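Here is a short note to read beside the structure. Please take the points in order.

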Amino acid sequence: MRHGKSFNHLGRTTSHRHAMLANMANSLIMHKRITTTVAKAKALRQYVEPLLTKAKNDTTHSRRLVFSSLGQKDVLKELFDNVSAKIAGRPGGYTRIIKLSQNRLGDNSEMCIIELVDYNETMLESKNAGEAKATTRRSRRGGKKADATTTEGDSSAEVVAEAKATKKAPAAPTTEVSAPEDTDTETLHNGETREEKAAE
């Protein structure tokens, strides 16, 4: 049972594990992306992300702290000059783990890619393109909403029926028609027909 075990020992002694994680962190900073097993990538993420946070504050003290973990001057220069400028606006979460479909031949270990988030240009371009695209919401009904100024007596079914009728029937062109002139009317008495009245 692994009660109380807070991290993965990776089957190594403490000194071997620290040396391995330092070498993997150096490779990640220099190459921006490495392929490894999922267990090592998760351990590396816990190891390297505090170092990246320290690199955002470029002081002599933070340089010495990071150098004590990494131990290579060229990696330190790359980290504080280039990488820290890229991750300056990101409040954590500097790495991404992408699992691969093929397991490793031999021991069938799960493989993955661990990379620095701000250096994956294809994902950044697709994200920027998605943000630039205007987002319009489409509805299945496709019709416009009914007029909000309906009387209290109108039911929702009547409002929907009126909206459908206005949608289906196109507006006919309006032509001005003059009203007919008033004509004189004659009153008919007890059973008289219009013909008899006209004959008189």
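1. Start with helix 2 (residues 38-55) and helix 3 (residues 60-70) in this predicted model. Their axes come within 9 Å. They cross at roughly 155°. Angles over 145 degrees count as roughly antiparallel, so helix 2 is roughly antiparallel to helix 3. The crossing of helix 2 past helix 3 is left-handed.

2. Now look at the residues between these two helices. Helix 2 brings Tyr47, Leu51 and Lys54. Helix 3 answers with Ser62, Leu65, Val66, Ser69 and Leu70. By type, this contact holds 5 nonpolar, 2 polar and 1 charged residues.

3. Turn to helix 1 (residues 14-31) and its crossing with helix 2. The two axes come within 10 Å. The angle is roughly 80°. Helix 1 and helix 2 are therefore roughly perpendicular to each other.

4. Which residues of helix 1 meet helix 2? They are His18, Met20, Leu21, Ala22, Met24, Ala25 and Leu28. On the helix 2 side are Lys40, Ala43, Leu44, Tyr47 and Val48. The contact of helix 1 with helix 2 divides into 10 nonpolar, 1 polar and 1 charged residues. Note Tyr47: this residue of helix 2 meets helix 1 and also meets helix 3.

5. Check the ring of Tyr119 next. Lys32 lies over its face, 5.1 Å from the ring centre. The charged end of Lys86 also sits over the Tyr119 ring, at 5.1 Å from the centre.

6. Last, ring pairs. How many aromatic pairs are counted? The count is 0.

Notes: Residues are numbered from 1 along each chain as its sequence is written. This is a predicted model: local features need pLDDT of at least 70, side-chain atom pairs count only at pLDDT 80 or more; totals for chains, interfaces and linings use all residues. Side-chain values use heavy atoms; hydrogens and water are left out. Axes are lines fitted to C-alpha atoms, for helices over the stretch in contact, and angles run from 0 to 180 degrees between N-to-C directions. Helices (H or I, at least four residues) and strands (E, at least two) are DSSP runs, numbered from the N terminus. Angles under 35 degrees count as roughly parallel, over 145 as roughly antiparallel, 65 to 115 as roughly perpendicular and the rest as oblique. A crossing is left-handed if the near helix is turned anticlockwise from the far one by less than a right angle, and right-handed if clockwise. Contact means heavy atoms within 4.5 Å. Ala, Val, Leu, Ile, Met, Phe, Trp, Tyr, Cys and Pro count as nonpolar, Asp, Glu, Lys and Arg as charged, and the others, Gly among them, as polar. Rings of Phe, Tyr and Trp (its six-membered ring) pair if their centres lie within 6.5 Å; planes under 30 degrees apart count as stacked, over 60 as edge-to-face and the rest as tilted. A charge sits over a ring if NZ of Lys or CZ of Arg is within 6 Å of the ring centre and within 35 degrees of the ring normal.
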